[in-house]
Amino acid sequence: MSREQAAGTAALRWALANPDPGRTLYDGSAGLLVALAEAHLCDVPSFARSAHEIRDDLVSWVDTCPGVAGDAAEGSHADGSLYNGLAGTATSLQVWAAATGDDLAAAAAQRALAILGQAAVDPSRPPRLDDLLTGTAGWLLALLRATPLPLDGIARLSDRLVSAAIPAGDGYDWRMGQGVPSVFTGYSHGAAGICAALAQAAAPLNRPELLDLARAGAARLLAIGRQTDGSVVLPRLLNESPAAGPSFGWCHGPTGTLRLFRLLDRLDPGGGWADAVDGCRRAVRSSGLPTRRWPGFWDNVGQCCGTAGVGEMALDAYQETEDPQWLSWSVELADDVLALSRSDSDGRYWQNVEHTRTPAELPPRSGWAMGASGVGSWLLRLDRVRRTGPLATALVRADGLPPR
């Protein structure tokens, strides 16, 4: 067994023994099921019982779901969002079904999406926010994986994002949602994620203007973030002080933003988007991470804000380009992450750092976005890709694209 497989397996053991509460994709059991789908692809048999228990619980939750609200605070209704709610349950079950051929999980995912589709056309329950992580864009991406497509719901959510666009120069900005004055740029809470959702909705709705709007938003991001060396680095917030320093992770940095440009390169080949993808990759590769260049620069190992997400991006790049340097860099990132790990009787875990707090080390987490299951999943995928090459199967959530 390789060191990556051993560490990834130990990380999933720790996550199962120390689960975060809830069923979310971000830090609950839905995210853990995604990691266990990776373990299945890696032929790690020891988690089969735990995976089926989580699968059964998520299926039961779908079948007893009281309905979906735009805001989880509304009575007993469930949050519908991609990373905090029912859309995440659906994508988790879809990922598990794709990895294992589990028809029960696949059917439950479609039932969850049917509930979301009904909520999307209910004017009394609109999402309060518009971003990919917690709002409209994430709902929309999830519904675009439903069978049959709930076109009325997809249209309603798309119209909401169109109406929220803020003209800015030759493009558009978006706020995270109602009551949020800040204008984010990245994939999780900002224009990059919203544009990705609009671009994917254009074809099924036969509305090319949605793709035009996504292209205009993406061009606006490039105008802001293109550096003199061709790299693409955006501020987390518009008008943010340069002293804040750039982010490089999935949530606010080029690791996530490049997903928009990869999508546009497929939908609009020859439009210059491949150069934007390369610019994002160059920015991350030349950033110096995972070296901690100053307090707060790189204090996270997770999928959302940290090294595991960057390591996944490096594997995507290797599988798309077959350039072995990307695989080698993912191995270098794993060297750093493994050096930061800790072990106990349950397995292997990590503690992220918040440099403004005393003590700076945060409690260890088990979830996908910030904890052991997300790190373990990447380490297992790294081992599998090293063994099987660039054509290795890649698990794809609703907010992602498979390698070419």
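This is a predicted model: local features need pLDDT of at least 70, side-chain atom pairs count only at pLDDT 80 or more; totals for chains, interfaces and linings use all residues.

Trainee: Which helix is Leu-58 in?
Mentor: Leu-58 sits in helix α3, residues 48-64.

Trainee: Is Leu-58 buried or exposed?
Mentor: Buried. Its relative accessible area is 0%, and the cut-off for buried is under 20%.

Trainee: How far is Leu-58 from Pro-402 in space?
Mentor: They are 25 Å apart, C-alpha to C-alpha. In sequence, 344 residues separate Leu-58 and Pro-402.

Trainee: New residue. Where is Gln-5 found?
Mentor: Gln-5 is in helix α1, which covers residues 3-17.

Trainee: And does Gln-5 count as buried or exposed?
Mentor: Gln-5 counts as buried, because its relative accessible area is 13% and the limit is under 20%.

Trainee: What is Gln-5 in contact with?
Mentor: Beyond its neighbours within four places in sequence, Gln-5 contacts Cys-42, Val-44, Leu-380, Asp-383 and Arg-387.

Trainee: Let's switch to α11. How many residues does it have, and how far does it reach?
Mentor: Helix α11 has 13 residues, 273-285. From first C-alpha to last it reaches 18 Å, close to the 18 Å expected at 1.5 Å a residue.

Trainee: Which residues of α11 are buried?
Mentor: Trp-273, Ala-276, Val-277, Gly-279, Cys-280, Arg-281, Ala-283 and Val-284.

Trainee: What do those buried residues of α11 pack against?
Mentor: Four helices: α9 (208-225), α10 (254-267), α12 (307-321) and α13 (324-340).

Trainee: Now zoom out. How many helices and strands are in the protein chain?
Mentor: The protein chain has 14 helices and six strands.

Trainee: What does the radius of gyration say about the protein chain?
Mentor: It agrees with a compact globule. With 404 residues, such a globule would have a radius of gyration near 22 Å, and the protein chain has 20 Å. The C-alpha atoms fill a box of roughly 55 × 50 × 45 Å along the principal axes.

Trainee: How much of the protein chain is buried?
Mentor: 59% of the 404 residues. The accessible surface is about 15600 Å², and carbon and sulfur atoms hold 51% of that.

Trainee: Last one. How many positive and negative side chains are there?
Mentor: The protein chain has 35 positive and 44 negative side chains. The centres of the two sets lie 1 Å apart.

Key. Residues are numbered from 1 along each chain as its sequence is written. Side-chain values use heavy atoms; hydrogens and water are left out. Helices (H or I, at least four residues) and strands (E, at least two) are DSSP runs, numbered from the N terminus. The radius of gyration is taken over C-alpha atoms; the globule rule is 2.2 Å times the number of residues to the power 0.38. Buried means under 20% relative accessible area, exposed over 50%, partly exposed in between (1.4 Å probe, protein chains only). Accessible areas come from the Shrake-Rupley method with a 1.4 Å probe; for residues, only the protein chains shown count as cover. Lys and Arg count as positive and Asp and Glu as negative; His and the chain ends are not counted. The place of a charge is taken as NZ of Lys, CZ of Arg, CG of Asp or CD of Glu. The expected span of a helix is 1.5 Å times one less than its number of residues. Contact means heavy atoms within 4.5 Å.
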